[in-house]
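User: Could you walk me through how to read pockets and charged pairs in a model? I'd like the general idea and then the case at hand.

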Amino acid sequence: MAKRVRTRFAPSPTGYMHIGNLRTALFEYLIAKHEGGDFILRIEDTDQGRLVEGATDIIYDTLKTVGLQHDEGPDIGGDHGPYVQSQRLPMYKKYAEELVELGGAHYCFCSEEEIERQRKEADSLGISFKYDDPCKHISLEEAKARVAAGEPYVIRQTIKGDGETYFDDEVYGRIEVDKDVLDEQILIKSDGFPTYNFANIIDDHQMEITHVVRGNEYLSSTPKYNLIYQAYGWDIPTYVHVPPVMKDEHHKLSKRNGDASFQDLVAKGYLPQAILNYIALLGWSPETEQEIYTLDELIKEFKISRISKSPAIFDIDKLTWMNGVYLRNMSLEEFYDLIKDILKDSIHREVDLLTVAKILQPRIDTLAQIKESVDFIDTLPEYDTAMYVHKKMKTTPEIALKALQAARSALADLQDWSSEESVHELLMALPKQLEMKNGQLLWPVRTAITGKQFTPGGAIEIAYILGKEETLARIDKGIEKLEAELNQ
(Lines give C-alpha, C1' and ligand atoms only; values in the text may rest on other atoms or scores of the structure.)
Protein backbone atom coordinates (compact mmCIF):
# COMPACT_ATOMS: atom_id res chain seq x y z
CA MET A 1 0.00 0.00 0.00
CA ALA A 2 1.38 3.39 -1.04
CA LYS A 3 2.27 5.82 1.70
CA ARG A 4 0.12 8.89 2.21
CA VAL A 5 1.88 11.80 0.52
CA ARG A 6 3.25 14.31 3.01
CA THR A 7 5.15 17.46 2.06
CA ARG A 8 6.52 20.20 4.27
CA PHE A 9 7.23 23.89 3.95
CA ALA A 10 10.06 24.70 6.34
CA PRO A 11 10.95 28.40 6.13
CA SER A 12 13.33 30.28 8.39
CA PRO A 13 11.68 33.36 9.94
CA THR A 14 14.25 35.82 8.61
CA GLY A 15 12.04 38.49 7.03
CA TYR A 16 9.54 38.84 4.24
CA MET A 17 8.26 35.99 2.11
CA HIS A 18 10.43 35.82 -0.98
CA ILE A 19 8.83 34.85 -4.28
CA GLY A 20 11.04 31.77 -4.59
CA ASN A 21 10.03 30.62 -1.10
CA LEU A 22 6.36 31.12 -1.81
CA ARG A 23 6.65 29.17 -5.06
CA THR A 24 8.31 26.30 -3.16
CA ALA A 25 5.44 26.34 -0.65
CA LEU A 26 2.93 26.33 -3.50
CA PHE A 27 4.57 23.39 -5.28
CA GLU A 28 4.71 21.44 -2.00
CA TYR A 29 1.05 22.21 -1.34
CA LEU A 30 0.00 21.20 -4.86
CA ILE A 31 2.00 17.94 -4.79
CA ALA A 32 0.35 16.95 -1.50
CA LYS A 33 -3.18 18.01 -2.39
CA HIS A 34 -3.08 16.53 -5.91
CA GLU A 35 -2.58 13.16 -4.21
CA GLY A 36 -4.99 13.84 -1.35
CA GLY A 37 -2.10 14.13 1.10
CA ASP A 38 -0.92 16.44 3.89
CA PHE A 39 0.90 19.76 3.74
CA ILE A 40 2.98 20.47 6.86
CA LEU A 41 4.35 23.80 8.11
CA ARG A 42 7.59 23.64 10.10
CA ILE A 43 9.47 26.70 11.35
CA GLU A 44 13.26 26.31 11.15
CA ASP A 45 14.62 28.80 13.67
CA THR A 46 17.88 27.23 14.85
CA ASP A 47 19.98 29.98 13.21
CA GLN A 48 19.19 32.45 15.99
CA GLY A 49 21.43 35.17 14.57
CA ARG A 50 19.30 35.59 11.45
CA LEU A 51 15.87 35.62 13.08
CA VAL A 52 13.68 38.68 12.54
CA GLU A 53 11.00 39.63 15.02
CA GLY A 54 7.52 39.23 13.55
CA ALA A 55 8.75 37.11 10.63
CA THR A 56 6.89 33.99 11.82
CA ASP A 57 3.63 35.95 11.74
CA ILE A 58 4.44 37.00 8.16
CA ILE A 59 4.75 33.31 7.23
CA TYR A 60 1.36 32.51 8.79
CA ASP A 61 -0.30 35.57 7.22
CA THR A 62 1.12 34.91 3.75
CA LEU A 63 0.03 31.27 3.63
CA LYS A 64 -3.43 32.22 4.90
CA THR A 65 -3.75 35.12 2.45
CA VAL A 66 -2.99 32.95 -0.59
CA GLY A 67 -5.05 30.00 0.66
CA LEU A 68 -2.27 27.49 1.33
CA GLN A 69 -3.81 25.99 4.45
CA HIS A 70 -1.44 23.64 6.26
CA ASP A 71 -2.72 20.44 7.87
CA GLU A 72 -0.17 20.44 10.70
CA GLY A 73 1.96 23.21 12.12
CA PRO A 74 3.02 25.23 15.15
CA ASP A 75 -0.25 27.14 15.31
CA ILE A 76 -2.63 24.19 14.83
CA GLY A 77 -0.63 21.26 16.18
CA GLY A 78 -0.62 17.71 14.86
CA ASP A 79 0.71 14.24 15.64
CA HIS A 80 4.33 14.98 14.66
CA GLY A 81 5.15 18.09 16.70
CA PRO A 82 6.66 20.18 17.94
CA TYR A 83 6.76 22.02 14.61
CA VAL A 84 9.26 24.69 15.66
CA GLN A 85 12.83 23.45 15.28
CA SER A 86 14.19 25.23 18.37
CA GLN A 87 11.68 23.25 20.45
CA ARG A 88 13.10 20.00 19.07
CA LEU A 89 16.75 20.65 20.01
CA PRO A 90 17.26 17.95 22.69
CA MET A 91 16.73 15.06 20.30
CA TYR A 92 19.23 15.98 17.56
CA LYS A 93 22.30 15.18 19.65
CA LYS A 94 20.79 11.82 20.62
CA TYR A 95 20.27 10.97 16.94
CA ALA A 96 23.80 12.10 16.08
CA GLU A 97 25.27 9.91 18.82
CA GLU A 98 23.25 6.98 17.49
CA LEU A 99 24.66 7.70 14.03
CA VAL A 100 28.17 7.55 15.48
CA GLU A 101 27.38 4.08 16.87
CA LEU A 102 26.11 3.03 13.43
CA GLY A 103 29.33 4.18 11.77
CA GLY A 104 27.72 7.01 9.83
CA ALA A 105 29.36 9.78 11.88
CA HIS A 106 32.33 10.39 14.17
CA TYR A 107 33.54 12.73 16.89
CA CYS A 108 35.95 15.39 15.62
CA PHE A 109 38.31 17.22 18.00
CA CYS A 110 40.23 19.23 15.38
CA SER A 111 40.97 22.87 16.08
CA GLU A 112 39.98 25.70 13.77
CA GLU A 113 43.70 26.21 13.14
CA GLU A 114 44.06 22.69 11.70
CA ILE A 115 41.05 23.17 9.45
CA GLU A 116 42.34 26.56 8.30
CA ARG A 117 45.78 25.05 7.56
CA GLN A 118 44.21 22.51 5.23
CA ARG A 119 42.08 25.20 3.60
CA LYS A 120 45.12 27.37 2.85
CA GLU A 121 47.00 24.37 1.49
CA ALA A 122 44.14 23.60 -0.88
CA ASP A 123 44.06 27.23 -2.01
CA SER A 124 47.80 27.23 -2.70
CA LEU A 125 47.40 24.11 -4.84
CA GLY A 126 44.42 25.59 -6.66
CA ILE A 127 42.09 22.75 -5.68
CA SER A 128 38.68 22.87 -4.03
CA PHE A 129 38.79 22.45 -0.26
CA LYS A 130 37.46 19.26 1.30
CA TYR A 131 38.46 18.68 4.88
CA ASP A 132 40.35 15.42 5.43
CA ASP A 133 39.49 14.72 9.05
CA PRO A 134 42.12 12.66 10.89
CA CYS A 135 39.67 12.14 13.79
CA LYS A 136 37.66 9.58 11.82
CA HIS A 137 40.55 7.17 12.38
CA ILE A 138 40.29 7.46 16.20
CA SER A 139 38.66 4.45 17.82
CA LEU A 140 35.17 4.94 19.17
CA GLU A 141 36.36 4.05 22.67
CA GLU A 142 39.09 6.70 22.62
CA ALA A 143 36.72 9.30 21.17
CA LYS A 144 34.13 8.65 23.87
CA ALA A 145 36.80 8.93 26.55
CA ARG A 146 37.90 12.32 25.19
CA VAL A 147 34.28 13.50 25.10
CA ALA A 148 33.81 12.31 28.70
CA ALA A 149 36.94 14.22 29.71
CA GLY A 150 35.32 17.44 28.50
CA GLU A 151 37.35 17.98 25.33
CA PRO A 152 35.53 20.24 22.82
CA TYR A 153 34.22 18.41 19.77
CA VAL A 154 31.82 18.43 16.86
CA ILE A 155 30.10 15.44 15.30
CA ARG A 156 30.89 14.99 11.60
CA GLN A 157 29.40 12.71 9.02
CA THR A 158 31.55 9.75 8.05
CA ILE A 159 31.67 8.97 4.33
CA LYS A 160 32.98 5.45 3.78
CA GLY A 161 34.51 3.93 0.72
CA ASP A 162 35.05 5.42 -2.71
CA GLY A 163 33.46 5.17 -6.12
CA GLU A 164 30.14 6.67 -7.10
CA THR A 165 26.88 7.12 -5.29
CA TYR A 166 23.66 8.24 -6.91
CA PHE A 167 20.13 9.36 -6.25
CA ASP A 168 17.01 9.82 -8.36
CA ASP A 169 15.31 13.17 -8.61
CA GLU A 170 11.80 13.65 -10.02
CA VAL A 171 12.90 16.66 -12.08
CA TYR A 172 16.56 16.07 -12.94
CA GLY A 173 16.53 12.28 -13.14
CA ARG A 174 19.43 10.16 -11.91
CA ILE A 175 22.31 12.16 -10.43
CA GLU A 176 25.63 10.35 -10.00
CA VAL A 177 28.30 11.77 -7.70
CA ASP A 178 31.85 10.64 -6.93
CA LYS A 179 32.16 10.06 -3.17
CA ASP A 180 35.61 11.67 -3.29
CA VAL A 181 34.04 15.10 -3.75
CA LEU A 182 31.67 14.79 -0.77
CA ASP A 183 32.91 16.57 2.35
CA GLU A 184 32.24 15.12 5.76
CA GLN A 185 29.86 17.81 6.92
CA ILE A 186 29.37 18.84 10.53
CA LEU A 187 26.12 17.49 11.97
CA ILE A 188 26.35 18.75 15.57
CA LYS A 189 28.30 21.96 16.23
CA SER A 190 30.57 22.53 19.23
CA ASP A 191 27.73 24.36 21.02
CA GLY A 192 25.55 21.24 20.75
CA PHE A 193 23.26 22.77 18.12
CA PRO A 194 22.52 20.79 14.94
CA THR A 195 23.44 22.10 11.53
CA TYR A 196 20.61 22.94 9.17
CA ASN A 197 21.17 19.88 7.00
CA PHE A 198 21.18 17.36 9.83
CA ALA A 199 18.14 18.81 11.61
CA ASN A 200 16.32 18.71 8.29
CA ILE A 201 16.93 15.00 7.83
CA ILE A 202 15.81 14.11 11.36
CA ASP A 203 12.70 16.29 11.18
CA ASP A 204 11.67 14.99 7.76
CA HIS A 205 12.02 11.40 8.96
CA GLN A 206 10.12 11.97 12.19
CA MET A 207 7.35 13.86 10.41
CA GLU A 208 7.08 11.08 7.80
CA ILE A 209 7.72 13.46 4.91
CA THR A 210 7.46 11.53 1.65
CA HIS A 211 8.36 14.29 -0.83
CA VAL A 212 11.13 16.83 -0.25
CA VAL A 213 10.72 19.87 -2.50
CA ARG A 214 13.56 22.40 -2.57
CA GLY A 215 15.77 24.50 -4.82
CA ASN A 216 18.20 22.83 -7.17
CA GLU A 217 21.11 24.38 -5.26
CA TYR A 218 20.63 21.44 -2.86
CA LEU A 219 21.30 18.83 -5.56
CA SER A 220 24.96 18.60 -4.50
CA SER A 221 24.02 18.02 -0.84
CA THR A 222 21.50 15.28 -1.48
CA PRO A 223 23.99 12.35 -1.76
CA LYS A 224 25.22 13.20 1.75
CA TYR A 225 21.63 13.27 3.00
CA ASN A 226 21.01 9.84 1.53
CA LEU A 227 24.10 8.31 3.13
CA ILE A 228 22.67 9.35 6.50
CA TYR A 229 19.24 7.91 5.67
CA GLN A 230 20.93 4.67 4.64
CA ALA A 231 23.07 4.52 7.80
CA TYR A 232 19.91 4.70 9.90
CA GLY A 233 18.10 2.24 7.65
CA TRP A 234 15.35 4.79 6.94
CA ASP A 235 13.28 5.19 3.79
CA ILE A 236 14.67 7.86 1.49
CA PRO A 237 12.06 10.48 0.49
CA THR A 238 11.15 11.36 -3.08
CA TYR A 239 13.22 14.36 -4.14
CA VAL A 240 11.79 17.20 -6.22
CA HIS A 241 14.47 19.80 -6.91
CA VAL A 242 13.09 22.88 -8.62
CA PRO A 243 14.88 25.47 -10.77
CA PRO A 244 15.51 28.96 -9.38
CA VAL A 245 13.34 32.00 -10.02
CA MET A 246 15.53 34.51 -11.84
CA LYS A 247 15.46 38.28 -12.25
CA ASP A 248 17.02 37.85 -15.69
CA GLU A 249 19.18 35.28 -17.46
CA HIS A 250 22.11 35.84 -15.11
CA HIS A 251 20.75 37.02 -11.74
CA LYS A 252 18.54 35.28 -9.20
CA LEU A 253 15.73 37.18 -7.52
CA SER A 254 17.12 38.65 -4.32
CA LYS A 255 15.58 40.88 -1.67
CA ARG A 256 19.08 42.24 -1.02
CA ASN A 257 19.13 43.53 -4.60
CA GLY A 258 15.77 45.22 -4.18
CA ASP A 259 13.63 42.55 -5.81
CA ALA A 260 10.05 42.38 -4.64
CA SER A 261 8.85 40.05 -1.92
CA PHE A 262 5.25 38.84 -1.77
CA GLN A 263 4.46 41.65 0.68
CA ASP A 264 6.04 44.23 -1.65
CA LEU A 265 3.91 43.05 -4.57
CA VAL A 266 0.71 43.22 -2.51
CA ALA A 267 1.69 46.74 -1.40
CA LYS A 268 2.15 47.65 -5.08
CA GLY A 269 -1.43 46.66 -5.81
CA TYR A 270 -1.16 43.06 -6.98
CA LEU A 271 -3.81 40.59 -5.83
CA PRO A 272 -2.62 37.60 -3.78
CA GLN A 273 -4.60 35.21 -6.04
CA ALA A 274 -2.95 36.66 -9.17
CA ILE A 275 0.52 36.43 -7.62
CA LEU A 276 -0.07 32.79 -6.68
CA ASN A 277 -1.44 31.99 -10.15
CA TYR A 278 1.57 33.63 -11.79
CA ILE A 279 4.25 31.95 -9.68
CA ALA A 280 2.61 28.56 -10.30
CA LEU A 281 3.67 29.04 -13.92
CA LEU A 282 7.28 29.86 -13.01
CA GLY A 283 9.03 26.57 -13.70
CA TRP A 284 5.85 24.54 -14.22
CA SER A 285 3.79 24.28 -17.39
CA PRO A 286 0.27 22.88 -17.70
CA GLU A 287 -0.70 20.51 -20.50
CA THR A 288 -2.91 23.12 -22.17
CA GLU A 289 -2.59 26.82 -23.08
CA GLN A 290 -4.67 27.86 -20.06
CA GLU A 291 -3.01 30.56 -17.94
CA ILE A 292 -5.64 31.65 -15.43
CA TYR A 293 -6.17 29.09 -12.66
CA THR A 294 -8.00 28.94 -9.38
CA LEU A 295 -6.17 27.12 -6.59
CA ASP A 296 -8.56 24.18 -6.93
CA GLU A 297 -7.80 23.99 -10.66
CA LEU A 298 -4.06 24.02 -9.94
CA ILE A 299 -4.49 21.15 -7.47
CA LYS A 300 -6.28 19.14 -10.13
CA GLU A 301 -3.82 19.89 -12.95
CA PHE A 302 -0.47 19.91 -11.13
CA LYS A 303 1.95 17.15 -12.12
CA ILE A 304 5.56 16.90 -11.00
CA SER A 305 6.51 15.69 -14.48
CA ARG A 306 5.63 19.15 -15.87
CA ILE A 307 8.22 20.95 -13.69
CA SER A 308 11.01 22.37 -15.83
CA LYS A 309 14.74 21.90 -15.34
CA SER A 310 15.38 25.42 -16.65
CA PRO A 311 15.42 28.59 -14.52
CA ALA A 312 12.22 30.63 -14.58
CA ILE A 313 12.45 34.38 -15.22
CA PHE A 314 10.14 36.60 -13.17
CA ASP A 315 8.40 38.92 -15.63
CA ILE A 316 6.67 41.80 -13.87
CA ASP A 317 4.86 42.76 -17.09
CA LYS A 318 3.30 39.30 -17.34
CA LEU A 319 2.23 39.47 -13.70
CA THR A 320 0.73 42.92 -14.31
CA TRP A 321 -1.25 41.58 -17.27
CA MET A 322 -2.48 38.62 -15.24
CA ASN A 323 -3.45 40.88 -12.34
CA GLY A 324 -5.51 43.00 -14.76
CA VAL A 325 -7.32 39.88 -15.95
CA TYR A 326 -8.21 39.04 -12.35
CA LEU A 327 -9.57 42.55 -11.77
CA ARG A 328 -11.66 42.47 -14.95
CA ASN A 329 -13.03 39.01 -14.19
CA MET A 330 -14.65 40.29 -10.99
CA SER A 331 -18.25 41.42 -10.86
CA LEU A 332 -18.61 45.20 -10.48
CA GLU A 333 -19.80 44.65 -6.91
CA GLU A 334 -16.73 42.55 -6.04
CA PHE A 335 -14.43 45.08 -7.66
CA TYR A 336 -16.06 47.99 -5.85
CA ASP A 337 -15.87 46.19 -2.53
CA LEU A 338 -12.15 45.60 -3.15
CA ILE A 339 -11.30 49.23 -3.98
CA LYS A 340 -13.86 51.33 -2.11
CA ASP A 341 -11.48 52.19 0.73
CA ILE A 342 -8.82 53.30 -1.77
CA LEU A 343 -11.42 55.46 -3.52
CA LYS A 344 -12.53 57.03 -0.24
CA ASP A 345 -8.91 57.88 0.58
CA SER A 346 -8.28 59.25 -2.93
CA ILE A 347 -11.48 61.22 -3.68
CA HIS A 348 -12.90 63.82 -1.33
CA ARG A 349 -15.43 65.39 -3.70
CA GLU A 350 -19.02 64.12 -3.34
CA VAL A 351 -19.30 61.75 -6.32
CA ASP A 352 -20.81 58.34 -7.04
CA LEU A 353 -17.89 56.02 -6.17
CA LEU A 354 -19.59 52.97 -7.72
CA THR A 355 -19.62 54.76 -11.07
CA VAL A 356 -15.96 55.65 -10.62
CA ALA A 357 -15.26 51.95 -9.97
CA LYS A 358 -17.18 51.08 -13.13
CA ILE A 359 -14.92 53.20 -15.34
CA LEU A 360 -11.76 52.04 -13.55
CA GLN A 361 -12.35 48.29 -13.78
CA PRO A 362 -11.69 47.84 -17.53
CA ARG A 363 -8.71 50.18 -17.50
CA ILE A 364 -6.39 49.40 -14.58
CA ASP A 365 -4.04 46.47 -14.04
CA THR A 366 -3.02 47.05 -10.41
CA LEU A 367 -4.67 48.68 -7.42
CA ALA A 368 -1.71 51.06 -7.15
CA GLN A 369 -2.85 52.73 -10.39
CA ILE A 370 -6.12 53.90 -8.84
CA LYS A 371 -4.92 56.98 -6.97
CA GLU A 372 -3.18 58.52 -9.98
CA SER A 373 -6.08 57.56 -12.25
CA VAL A 374 -8.65 59.52 -10.23
CA ASP A 375 -6.60 62.45 -8.91
CA PHE A 376 -8.25 64.88 -11.38
CA ILE A 377 -11.66 64.35 -9.74
CA ASP A 378 -10.80 66.41 -6.67
CA THR A 379 -8.76 69.07 -8.44
CA LEU A 380 -8.32 69.95 -12.10
CA PRO A 381 -4.56 69.82 -12.71
CA GLU A 382 -2.72 72.57 -14.54
CA TYR A 383 -2.35 71.69 -18.22
CA ASP A 384 -1.10 73.21 -21.45
CA THR A 385 -3.43 74.06 -24.34
CA ALA A 386 -1.16 71.94 -26.55
CA MET A 387 -3.11 68.98 -25.15
CA TYR A 388 -6.14 70.06 -27.19
CA VAL A 389 -4.20 69.29 -30.37
CA HIS A 390 -4.62 65.61 -31.22
CA LYS A 391 -3.54 64.31 -34.62
CA LYS A 392 -5.68 61.19 -34.56
CA MET A 393 -8.77 63.09 -33.35
CA LYS A 394 -8.07 65.84 -35.93
CA THR A 395 -8.36 68.61 -33.35
CA THR A 396 -6.79 72.10 -33.43
CA PRO A 397 -7.14 74.96 -30.92
CA GLU A 398 -9.81 76.50 -33.14
CA ILE A 399 -11.79 73.26 -33.41
CA ALA A 400 -11.39 72.65 -29.68
CA LEU A 401 -12.73 76.12 -28.82
CA LYS A 402 -15.75 75.63 -31.07
CA ALA A 403 -16.42 72.21 -29.51
CA LEU A 404 -16.16 73.48 -25.94
CA GLN A 405 -18.42 76.46 -26.56
CA ALA A 406 -21.10 74.24 -28.11
CA ALA A 407 -20.79 71.60 -25.39
CA ARG A 408 -20.94 74.25 -22.67
CA SER A 409 -24.12 75.74 -24.08
CA ALA A 410 -25.85 72.39 -24.51
CA LEU A 411 -24.82 71.03 -21.10
CA ALA A 412 -25.94 74.22 -19.36
CA ASP A 413 -29.44 73.65 -20.74
CA LEU A 414 -29.52 69.99 -19.69
CA GLN A 415 -32.02 69.65 -16.86
CA ASP A 416 -31.70 65.90 -16.24
CA TRP A 417 -28.20 65.02 -15.01
CA SER A 418 -29.44 62.05 -13.03
CA SER A 419 -28.15 59.42 -15.44
CA GLU A 420 -25.13 58.89 -17.65
CA GLU A 421 -27.51 58.17 -20.56
CA SER A 422 -28.88 61.72 -20.60
CA VAL A 423 -25.36 63.22 -20.78
CA HIS A 424 -24.48 60.63 -23.44
CA GLU A 425 -27.47 61.46 -25.67
CA LEU A 426 -26.78 65.18 -25.52
CA LEU A 427 -23.06 65.09 -26.25
CA MET A 428 -23.33 62.43 -28.95
CA ALA A 429 -25.91 64.54 -30.81
CA LEU A 430 -23.62 67.59 -31.01
CA PRO A 431 -20.93 66.43 -33.50
CA LYS A 432 -23.49 65.94 -36.26
CA GLN A 433 -25.00 69.35 -35.61
CA LEU A 434 -21.54 70.96 -35.72
CA GLU A 435 -20.45 68.87 -38.75
CA MET A 436 -17.62 67.42 -36.70
CA LYS A 437 -16.35 63.93 -36.01
CA ASN A 438 -17.15 62.54 -32.55
CA GLY A 439 -13.52 62.81 -31.44
CA GLN A 440 -13.33 66.46 -32.42
CA LEU A 441 -15.94 67.22 -29.78
CA LEU A 442 -15.25 64.60 -27.13
CA TRP A 443 -11.46 64.98 -26.98
CA PRO A 444 -11.59 68.73 -26.13
CA VAL A 445 -14.34 68.12 -23.57
CA ARG A 446 -12.35 65.36 -21.89
CA THR A 447 -9.19 67.50 -21.90
CA ALA A 448 -11.06 70.44 -20.37
CA ILE A 449 -12.66 68.46 -17.54
CA THR A 450 -9.67 66.26 -16.65
CA GLY A 451 -6.54 68.16 -17.72
CA LYS A 452 -4.99 64.77 -18.59
CA GLN A 453 -4.19 62.84 -21.74
CA PHE A 454 -5.00 59.47 -20.21
CA THR A 455 -8.04 58.88 -18.03
CA PRO A 456 -10.19 55.94 -16.96
CA GLY A 457 -13.26 56.70 -18.98
CA GLY A 458 -14.20 59.21 -21.61
CA ALA A 459 -15.72 62.68 -21.62
CA ILE A 460 -19.31 61.47 -21.12
CA GLU A 461 -18.61 59.18 -18.17
CA ILE A 462 -16.40 61.73 -16.43
CA ALA A 463 -18.83 64.63 -16.97
CA TYR A 464 -21.56 62.55 -15.38
CA ILE A 465 -19.32 61.69 -12.40
CA LEU A 466 -18.21 65.31 -11.85
CA GLY A 467 -21.75 66.66 -12.01
CA LYS A 468 -23.17 69.65 -13.88
CA GLU A 469 -21.69 72.50 -11.86
CA GLU A 470 -18.11 71.20 -11.80
CA THR A 471 -18.21 70.12 -15.46
CA LEU A 472 -19.36 73.57 -16.62
CA ALA A 473 -16.76 75.32 -14.44
CA ARG A 474 -13.96 73.22 -15.94
CA ILE A 475 -15.20 73.75 -19.51
CA ASP A 476 -15.31 77.51 -18.83
CA LYS A 477 -11.67 77.35 -17.75
CA GLY A 478 -10.82 75.48 -20.97
CA ILE A 479 -12.59 78.06 -23.09
CA GLU A 480 -10.74 80.83 -21.28
CA LYS A 481 -7.37 79.14 -21.89
CA LEU A 482 -8.05 78.64 -25.60
CA GLU A 483 -9.39 82.16 -26.13
CA ALA A 484 -6.33 83.62 -24.44
CA GLU A 485 -4.02 81.60 -26.72
CA LEU A 486 -5.91 82.36 -29.92
CA ASN A 487 -6.08 86.09 -29.14
CA GLN A 488 -2.33 86.43 -28.67
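**Reading the pocket and the salt bridges**

Analyst: Let's start with the pocket: the lining of the largest pocket has 18 nonpolar, 16 polar and 14 charged residues. Here Ala, Val, Leu, Ile, Met, Phe, Trp, Tyr, Cys and Pro count as nonpolar, Asp, Glu, Lys and Arg as charged, and the others, Gly among them, as polar. Do keep in mind that this is a predicted model, where local features need pLDDT of at least 70 and side-chain atom pairs pLDDT 80 or more, while totals for chains, interfaces and linings use all residues. Residues are numbered from 1 along each chain as its sequence is written, and side-chain values use heavy atoms, without hydrogens and water.

User: What volume does the largest pocket have, and which residues are the closest to its centre?

Analyst: A pocket is an open set of points on a 1 Å grid over the protein atoms alone, where a 1.4 Å probe fits, with protein on both sides within 12 Å along at least five of seven lines; lining residues have an atom within 4 Å of a point. The volume, meaning the space filled by probe spheres set on the points, is about 1,400 Å³ for the largest pocket. Of its 48 lining residues, H18, N21, R50, E217 and Y218 are the closest to the centre.

User: Which element gives the most to that lining?

Analyst: Helix 1 does, with 6 residues. Helices (H or I, at least four residues) and strands (E, at least two) are DSSP runs, numbered from the N terminus.

User: Now the charged pairs: how many salt bridges does the structure hold?

Analyst: Side chains of opposite charge can pair when their charged atoms come close. A salt bridge is a side-chain nitrogen of Lys or Arg within 4 Å of a carboxyl oxygen of Asp or Glu, and the structure holds 30 of them. One of them joins K3 and D235, at 3.2 Å from N to O. K3 lies before strand 1 (6-9) and D235 between helix 7 (222-232) and strand 9 (238-242), so this pair ties together parts 232 residues apart in sequence.

User: Are K3 and D235 buried or exposed?

Analyst: Both K3 and D235 are exposed, where buried means under 20% relative accessible area, exposed over 50%, and partly exposed in between (1.4 Å probe, protein chains only). By contrast, E72 and R6 are both buried, and their salt bridge has its closest N and O atoms 2.8 Å apart.

User: Which residues are linked in a network of salt bridges?

Analyst: R8, R42, E44, R88, D203 and D204 are linked that way.
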